[in-house]
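Trainee: I have a structure open and would like to learn how to read its features one by one. Could you walk me through them?

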Amino acid sequence: MLPDSVNDGEEWSGPIKKIVAPLSDKIIKSNKDVIKDIATGKVESCDEYYPVLCLDGIEDYKHCASKCDSDAGEEVGVDCGRVGLITCDKDSGDCPGFFQNGASLHDDYISGGVCLVLSLFLLFVCLMALVNVLQRGLAGMSTRIIYKATNVNGLIAIVIGAGITILVQSSSITTSVLTPFVGLGVIQLEQMLPLTLGANIGTTVTGLLAALVSDNVHALQVALCHLFFNISGIVIWYPLPFMRKVPLNGARALGRATRRSRFIPPIYIIIVFFVIPLLLLGLSAL
């Protein structure tokens, strides 16, 4: 049973997305149809979406991003426009700031790269500001209160981490907020582990809700795989104390290495999240 406010097959969006999406859509909006068409084999490459074409040179959804009805014999450039990796907003009808009539694939690549650099810069600035605020605000009584509030049983900490993540719909927000507390000594590393594990479970709720609303069996299967993958990780690494020490000792070793050299974190990220997955992907393709 779906609530009256949600229609069958309608995409579900969390509260954070509802706040951020209107602003981000004014800057850049990705065309998800490109990924879907390439994945399903409808097109071979992104080149088939270029150059971007808007009817009569008017940059809005109706003249640029509205789809042609092939059954009615409509043609691109005559009855409808064509968009590439960057599209216009259907609800407002406006095109984002980085959208350009006549843009090439290279132009959209540059726009995406600029947005990526800007987003990373804003992320670093916000994290630095967050740490600065926490350092100034967490002193004396507030530090002791937070320490006592988080000094709970591991299973309860997992539930708390999952609950916080369900509310904000992002495990990244949960871990980004809690990590500075660990650096300031407000939360112990042993308590941060179950909170992070709970956040990993909480972030799967977004996918489950979206799958239930979409009424698609395959989407539900993927969401359940995501859920049980995180539960399996908790079952492997958390219940047994000697297994729990593996990620904890690894985190302490990485922290000590980071104190000696600031180049350790980016090297670790590149190796663990790029080099190793690419090697495994290459081996699987053999």
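**Reading salt bridges, a helix residue and a pocket**

Mentor: Gladly! Let us begin with a charged pair: Lys-26 and Asp-94 form a salt bridge, with 3.4 Å between the closest N and O atoms. Keep in mind as we go that this is a predicted model.

Trainee: What is the general idea behind such a pair?

Mentor: Side chains of opposite charge can pair when their charged atoms come close. The cut-off used here is 4 Å from a Lys or Arg side-chain nitrogen to a carboxyl oxygen of Asp or Glu. In this model the Lys-26 and Asp-94 pair, at 3.4 Å, is one such case. Lys-26 sits in helix α1 (residues 15–27) and Asp-94 in the loop between α3 (61–64) and α4 (105–137), so the bridge ties together parts that are 68 residues apart in sequence. Asp-94 itself is partly exposed, at 39% relative accessible area.

Trainee: How many salt bridges does the structure hold?

Mentor: There are 5 salt bridges. Another one joins Lys-36 to Asp-33, at 3.7 Å from N to O. These two residues are 3 apart in helix α2 (residues 32–39), which puts about one helical turn between them. Both count as partly exposed: Lys-36 has 48% relative accessibility, and Asp-33 has 23%.

Trainee: Which lysine meets Asp-33 at 3.2 Å, N to O?

Mentor: That is Lys-67, whose side chain forms a salt bridge with Asp-33. Lys-67 belongs to the loop between α3 and α4, while Asp-33 is in helix α2, so this pair links parts that are 34 residues apart in sequence. Lys-67 is exposed, with a relative accessible area of 62%. Through their shared partners, the salt bridges join Asp-33, Lys-36 and Lys-67 into one network.

Trainee: What lies 2.8 Å from a polar atom of the Thr-165 side chain?

Mentor: The backbone oxygen of Gly-161 does. Leaving aside residues up to four places away in sequence, Thr-165 also touches Ser-170, Ser-171, Thr-174, Ala-199, Gly-202 and Thr-203.

Trainee: Now the pocket. What volume does the largest pocket have?

Mentor: About 2,400 Å³. When reading a pocket, look next at what lines it. Here the lining is made of 43 residues, and Thr-175, Thr-179, Ala-251, Leu-254 and Tyr-268 lie nearest the centre of the pocket. By class, 25 lining residues are nonpolar, 14 are polar and 4 are charged.

Trainee: Which helix gives the most to that lining?

Mentor: Helix α11 does, with 11 residues. At least two lining residues come from each of α4, α7 (171–183), α8 (189–202), α10 (217–237), α11 (241–260) and α12 (264–284).

Trainee: How far apart in space are Leu-224 and Ala-251?

Mentor: Leu-224 lies in helix α10 and is partly exposed, with a relative accessible area of 33%. From C-alpha to C-alpha, Leu-224 and Ala-251 are 29 Å apart, and 27 residues separate them in sequence. Ala-251 is also one of the residues nearest the centre of the largest pocket.

Key
Residues numbered from 1 in each chain as written. Predicted model: local features only at pLDDT ≥ 70, side-chain atom pairs only at ≥ 80, totals over all residues. Heavy atoms only, no water. Helix = DSSP H or I, 4+ residues; strand = E, 2+ residues; numbered from the N terminus. Buried < 20%, exposed > 50% of the residue type's maximum accessible area, 1.4 Å probe, protein only. Polar contact = N/O pair within 3.5 Å; in protein donor to acceptor, adjacent residues only side chain to side chain. Contact = heavy atoms within 4.5 Å. 1 Å grid on protein atoms, 1.4 Å probe; cavity = no way out; pocket = protein on both sides within 12 Å on 5 of 7 lines; lining within 4 Å. Points joined across faces, edges and corners; volume = space filled by probe spheres on them. Nonpolar A, V, L, I, M, F, W, Y, C, P; charged D, E, K, R; others polar.
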